[in-house]
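Please keep the structure open beside you as you read.

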Amino acid sequence: MAQVEKKAGLLRRTSSKKPLKEKVVLMYDEIFAKDNPTKTNPHFWDELFLMKVNLEYLEAKLESLDGEEVMKIQDNINSLFHHCVQALGEEHQIKVVNALQTLCALFRGVHQKNKSASGFDIINMLMGFDKAEHRMKDLMESLNTLLCGESSDSLKSLCLKLLLCLVTVTDNISQNTILEYVMINSIFEAILQILSDVSSRRQHGYDAVVLLALLVNYRKYESVNPYIVKLSILDDEPTLDGMGMVVHQALTEYNRQYKDKEEENQGGFFSTLTSMVGSMFIADTDEKLSVQTNEAILLALYEAVHLNRNFITVLAQSHPEINMATTPAIAAPTTPTTPLGTTPPSLDMMNSTELPLDPNLQTSNLLITFLKYSSIVMQDTKDEHRLNSARLCLIILTCIAEPMRHRKKAADKNMPSRPLVCAVLDLMVEFIVTHMMKDFPMDLYLRCVQIIHKLICYQKRSRIRLHYTWRELWSALINLLKFLLSNETVLLAKHNIFHLALLVINLFNMFITYGDTFLPTPSSYDELYYEIVRMHQVFDNLHCMVLRVSTNTGQWKEPASKVTHALVNIRAIINHFNPKIESYAAVNHISQLSEDQVLEVVRSNYDTLTLKLQDGLDQFERYSEQPKEAAFFKELVRSISLNVRKNVSLNTLSQDILLKEFSSIS
């Protein structure tokens, strides 16, 4: 009994003491003391990297120190950084894992506490400015070796997490001076190797693509960024295919999540997205479904399309969507029949024909998947985040729509499906008719109409007759003009509606002047005139409005005057055919003519119609990110960086799992 009481007494005495610190925490405390920890223990660093990292304690300790306190123990922090880099070359895999995690804690902890410090001070705190170049060279070489070698998937994933951690430690990526060393000691080739290999792409492709997209945006307007240069000249087909597959899988996953939510809420409306055209766009429902958008992967797609002229061909390559969730990567051919770069890429892919869609196996490609993604994002643009997502989608489509160097038109194989360009036009029409609202997204409308213009310019130059339901486009554009007229006062308080009206009118002028080169049949041209005459009241009202504004002094005088001049041929068509239609009706005692009768009048009176030749209709300003879009992308990259930083938690790679994995092989 006495023994029990003795034990109880011992227990009571023990419980009154502070809990013992784990050994790794005691070792951290030694680092944060002023003395060199190896004075009392020559094997200090060897032992440290055998200890399971306490990320929370280490980061908290670093964040608790101000600049002066850091300077007092700078030698020890520099030494910790140095030994972390050295440990990456160890054969003992547990040491490598612990070193990678410790480096991440160092980068995050030092930056978190010293946000106002200059980049040079941060570098000095971490590794010593005089040794920084050598330390970072060793670090990047070790990461390259681990990523390109026979390391386990867990270890490679940890390397990518560390790099993402390093790239995103500052809110503004371009203020992260440490990245200068990542520019000098490039990991571009390691990223390419991940993307070109089926197995590594499946495991690490997403992180690799996001990392590349962020690195491309480091001081992109201020200096020569080697990642931009290398990405722009990349012509290795398996690598570009791999990049496309990673983006495709991420967008497919978003579309799938939306589909699941939609079916859960509305009983399967999204299941109508089984064919690319016609049923691929979603109705403007009262209650919008919210799925987190993925700007990081969109940024990667943008940079690939914008910088690399070879990537345009990747957009149209078809892959089966079946089992995408379990098999995201598809082996790319190692010996392509036509190596990329031997034939100049072009927008011919926009006129390539889709494969017929088997209802049991839907084939898709990156462009179709991106259009589906865009159609979902564009449904609801009322909050700023989704508005910016829609804007990014339209910027990407702008880059895709701009003709590059063109190949000759491929032979017509008489396949029943429509060219991919029809799906892009469908999306633009869908956007036009569903966003005429009080909070008018003018920027998105301008981009949308400009995309249509660029596509039509390409069709005209290539003399490709496009079988498309042009009436739907004409009707959407006329309804847009009607909306601008009906809301003139409200819209003019915020927007220059005359610029948008001018773009719309010039689209009609493109059809009037050059329609015979790309409209599918002569009857299509007749239908254009029919629509203009049928909806003449809208054009008449627009003319009255712009005439009124242009004859008065004010800020809109000049832009309104441009619309007045642009309307000259449309008004000539209306003034020419309307009297003849009325005369035909009077002579034949018909109160209301049918469409066929009006078309007959149109066909019979072309020869007496006089139109003015308008120059420059098929000219457009080429897309340029700088300076117009620079501010948008700066804020976008900042937002993506914050989101990646929040999501890159090394604890997502369970330390217990990692240590168990590597203790069994070490």
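Axes here are lines fitted to C-alpha atoms, for helices over the stretch in contact, and angles run from 0 to 180 degrees between N-to-C directions. Helices (H or I, at least four residues) are DSSP runs, numbered from the N terminus. The model is predicted, so local features need pLDDT of at least 70 and side-chain atom pairs count only at pLDDT 80 or more, while totals for chains, interfaces and linings use all residues. Residues are numbered from 1 along each chain as its sequence is written, and side-chain values use heavy atoms, with hydrogens and water left out.

| Pair | Residues | Angle | Axis distance |
|---|---|---|---|
| α7 and α10 | 93-113 and 153-167 | about 15° | 9 Å |
| α21 and α25 | 470-486 and 536-550 | roughly 40° | within 10 Å |

Start with α7 and α10, which are roughly parallel to each other (angles under 35 degrees count as such, over 145 as roughly antiparallel, 65 to 115 as roughly perpendicular and the rest as oblique). The crossing of α7 past α10 is left-handed, a term used if the near helix is turned anticlockwise from the far one by less than a right angle. Contact means heavy atoms within 4.5 Å. On the α7 side it is made by Q93, V96, V97, L100, Q101, L103, C104, F107 and R108, and on the α10 side by L155, L158, C159, L162, C165 and L166. These residues comprise 12 nonpolar, two polar and one charged. Here Ala, Val, Leu, Ile, Met, Phe, Trp, Tyr, Cys and Pro count as nonpolar, Asp, Glu, Lys and Arg as charged, and the others, Gly among them, as polar.

From α21 the contact takes in I478, L481, K482 and L485, and α25 contributes V538, F539, N541, L542 and M545. Seven of the residues in this contact are nonpolar, one is polar and one is charged.

**A helix with a buried face**

Which residues of α28 (595-604) are buried? They are V598, L599, V601 and V602, where buried means under 20% relative accessible area, exposed over 50% and partly exposed in between (1.4 Å probe, protein chains only). Seen down the axis of α28, the buried residues fall within an arc of 155°, so they line one face of the helix; the arc is that of the directions from the helix axis to the C-beta atoms. Their cover includes α24 (522-534) and α27 (568-587).

Finally, look for E253 in helix α15 (residues 237-266). E253 counts as partly exposed, because its relative accessibility is 28%. Its C-alpha atom is separated by 9.8 Å from that of Y373, 120 residues apart along the chain.

How values were computed:
Helix = DSSP H or I, 4+ residues; strand = E, 2+ residues; numbered from the N terminus.
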